[in-house]
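Hello,

Here is the structure I promised to pass on to you. Please open it and keep it beside you while you read my notes below.

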Amino acid sequence: MDRLALFDVDNTLLDRQAAFEHWGADFLVAHDIASSEFSTLSSIDNDGVTPRDAFFAQVKERFGIATSLEQLLEDYHRAYASYYPAPLETIQALRKLRAGGWKLGVVTNGPPSQLTKLDAAHLTSEFDVVCVSAIVGIQKPNVGIFEDAARRCGVDLRGWMVGDTPGTDIEGGWRAGLRTIWITRGRTWAETEYKPDANAQSVPEAIAIILAAEDTDPS
Ligand SMILES: [Mg+2]
């Protein structure tokens, strides 16, 4: 029986979009920039895809901020994790799954500071393993990072991957032979080569799908 459930972090376990909006609003006030410029920040951020040093280099130039790039990055890394709320419903759903004998893992592309975010949101202890690409040395959608998660959980790579990004979470899970659940964030699926096994609006909804599938599996 499949007993491994893997989860992405940003905009899956944690509401990265809300965290960025809150952080951005505070950043604009702190640097005496009009709140209407949030759209500029958001555009440079590109949903978190822009590396932070490149992000702050562009923000500094665009708004003529005198603070050094090093200081901007230091301020950001010190404060950013605190903008992630602890999602109680997510924690409750994860505990229900884990209580059923499942191994739970985090598989995230990003820097080691992903660990700080998970700690700040009180999520680290809810998982058997946390795989961060910069630490593991392999990124989604490469199968190796999923293999690393299964190996460290002491189980076969059979189960589920839950995430919001088609090209990393869903393609990666599919290539690894996992069933996949796409956190849609209001979007419509567009890829033709592969598709998720199910769609969900949230992690609790995804976990309900996993548990319902378990009930109907012949194994
Ligand atoms: Mg994500």
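A quick definition to begin with: a residue is called buried when its relative accessible area is under 20%, exposed when that area is over 50%, and partly exposed in between. Arginine 185 has a relative accessible area of 28%, so this residue is partly exposed. Please keep in mind that the model is a predicted one.

Let's stay with arginine 185 for a moment. You will find this residue in the loop between strand S5 (179–183) and strand S6 (198–200).

Asparagine 11 is another residue to look at. Its phi is near 65 degrees, again a positive value in a residue other than glycine. Asparagine 11 sits in the loop that runs between strand S1 (4–7) and helix H1 (16–30). Is asparagine 11 buried or exposed? With a relative accessible area of 8%, asparagine 11 is buried.

As for the peptide bonds, have a look at the one joining lysine 140 and proline 141: this bond is cis, with omega about 10 degrees. Proline 141 belongs to the loop between helix H7 (133–136) and helix H8 (143–153).

Finally, here is a pair of helices. Helix H3 (residues 52–63) packs with helix H4 (residues 69–79) at an angle of about 120 degrees, and their axes are 10 Å apart. That angle makes H3 oblique to H4. The crossing in which H3 passes H4 is right-handed. On the H3 side, the contact is made by Arg52, Asp53, Phe56, Ala57 and Lys60, and on the H4 side by Leu69, Leu72, Leu73, Tyr76 and His77. Sorted by class, this contact has 6 nonpolar, 1 polar and 3 charged residues.

Enjoy exploring, and write back with any questions!

Best wishes

Conventions. Residues are numbered from 1 along each chain as its sequence is written. This is a predicted model: local features need pLDDT of at least 70, side-chain atom pairs count only at pLDDT 80 or more; totals for chains, interfaces and linings use all residues. Side-chain values use heavy atoms; hydrogens and water are left out. Axes are lines fitted to C-alpha atoms, for helices over the stretch in contact, and angles run from 0 to 180 degrees between N-to-C directions. Helices (H or I, at least four residues) and strands (E, at least two) are DSSP runs, numbered from the N terminus. Angles under 35 degrees count as roughly parallel, over 145 as roughly antiparallel, 65 to 115 as roughly perpendicular and the rest as oblique. A crossing is left-handed if the near helix is turned anticlockwise from the far one by less than a right angle, and right-handed if clockwise. Contact means heavy atoms within 4.5 Å. Ala, Val, Leu, Ile, Met, Phe, Trp, Tyr, Cys and Pro count as nonpolar, Asp, Glu, Lys and Arg as charged, and the others, Gly among them, as polar. Buried means under 20% relative accessible area, exposed over 50%, partly exposed in between (1.4 Å probe, protein chains only).
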